[in-house]
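Dear colleague,

Here is the structure I said I would pass on.

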Amino acid sequence: LGGKLPIAAFGQRDSAQLQEKAQVVRARLADWQQHYPHRLPTQSVALTLGGVALSASLSEVYGGDGGCVQFAARTGAVLEGKKKDDQRPRGHIVAGLWAAHLLACASGLPMTSVQLGLDGQVVLNPLEQQAAINILQRLLSAYQAAWQRPLPVACKTGWAYVQAELAAGRSGKPGQDPHELAEKTFDGDDFNTGERAESAYLTRAFDSYAELEAELPHWAEMLYGDLARHAQRGQTEGVQ
C-alpha cells in the first residue's frame, strides 16, 4: 500500500516472501495467545519520578491466568550470534519494548513483554515494582545528562560491550576484549561500515571510537546492563 514493492511479477514475488515471513511470526503469536487469550483494552500507565512525568499507552496487551503480556513483532531478526546456543537478543530491537516494560512494571502491572521475530523471540519477565522504578531512575539520570552533552555511548556499541562483559562472566574465562568488540561495532571493519556511519548524529558528534572508550563502560552499563541481564531468548515452540 505504501508503493514500496516492485511492480508486476517482482512485486508479487516479494509480497509472497513477506507474507511467508509474517506467517512465521503470527504462528509464534498464536502460541502465546493460547495461554493469554483475552485481548485487553489499551492500558494507560503513568507515574512521576524525580519530577519527570512518564506515560505510555500499551495497546497489544493480552490477559490470562499468568497475568498479562504485551507483544511487539517484526518480520526480521530479533537475535544475534552465529551459533544457535550462543544467540542473544538484539539490544537495539528490544530497547523500545524494554522501556514500555519498565513503565508497566513500575506502575504495578505484572507484565510479561515479548518481542516476536522471524528467527525467534525475546522474553522480558515481570519485575517487582521497586526494581523497575530503580532502573527507570537510572535511565532518567542518563537522559538528563544527555541534555548537557552527547553521551560517549551508542546503542549497538554499548550493547556489544555489555554482552562481551557478560559472556566473560558466564564462562569464567577471559573472552574477546569488550573494547575491541565495541570498537569494531562503532567504527566498522572491512566487512561493515559500523554504527557511527549509520547515524548522522554519531558521525557529527564523534570522530572515532577513541572518543568513547574511556567512559563507555559506565554508560553502557547504565543504559543497557539491566536489559542485557533480564532479556531472555524465548522458546521457539511452546510457551514456558
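**Salt bridges and helix packing**

Searching the whole structure turns up 9 salt bridges. Please keep in mind that this is a predicted model.

One of the salt bridges joins Asp226 to Arg138, with 3.0 Å between the closest N and O atoms. This pair ties together distant parts of the chain, since Asp226 sits in helix 8 and Arg138 in helix 3, 88 residues apart. As background, side chains of opposite charge can pair when their charged atoms come close.

The two helices that carry this pair also pack against each other. Helix 3 covers residues 129-146 and helix 8 covers residues 216-230; their axes come within 9 Å and cross at roughly 150°. Angles over 145 degrees count as roughly antiparallel, so helix 3 is roughly antiparallel to helix 8. The crossing of helix 3 and helix 8 is left-handed. From helix 3, the contact involves Ile135, Arg138, Leu139, Ser141, Ala142 and Ala145, which meet Trp219, Met222, Leu223, Asp226 and His230 of helix 8. By class, the residues of this contact are 7 nonpolar, 2 polar and 2 charged.

Helix 8 has a contact with helix 2 as well. Helix 2 (residues 91-106) packs with helix 8 at an angle of about 95°, and the axes are 11 Å apart. Helix 2 and helix 8 are therefore roughly perpendicular to each other. On the helix 2 side the contact is made by Gly91, Val94, Ala95 and Trp98, and on the helix 8 side by Asp226, Leu227 and His230. Those residues divide into 4 nonpolar, 2 polar and 1 charged.

The crossing of helix 2 and helix 3 is left-handed. Trp98, Leu102, Leu103, Cys105 and Ala106 of helix 2 make this contact with Gln129, Ala132, Ile133, Ile135, Leu136 and Leu139 of helix 3. The class count here is 10 nonpolar, 1 polar and no charged residues.

Lastly, a note on confidence. The mean pLDDT of the protein chain is 91, with 95% of its residues at 70 or more. Over residues 236-240, however, the pLDDT is below 50, and this stretch has 10 contacts in the model beyond near neighbours in sequence.

Regards

Key: Residues numbered from 1 in each chain as written. Predicted model: local features only at pLDDT ≥ 70, side-chain atom pairs only at ≥ 80, totals over all residues. Heavy atoms only, no water. Axes fitted to C-alpha atoms, helices over the stretch in contact; angles between N-to-C directions. Helix = DSSP H or I, 4+ residues; strand = E, 2+ residues; numbered from the N terminus. Parallel < 35°, antiparallel > 145°, perpendicular 65-115°, else oblique. Left-handed = near helix turned anticlockwise from the far one by under 90°. Contact = heavy atoms within 4.5 Å. Nonpolar A, V, L, I, M, F, W, Y, C, P; charged D, E, K, R; others polar. pLDDT = per-residue confidence, 0-100. Salt bridge = Lys/Arg side-chain N within 4 Å of Asp/Glu carboxyl O.
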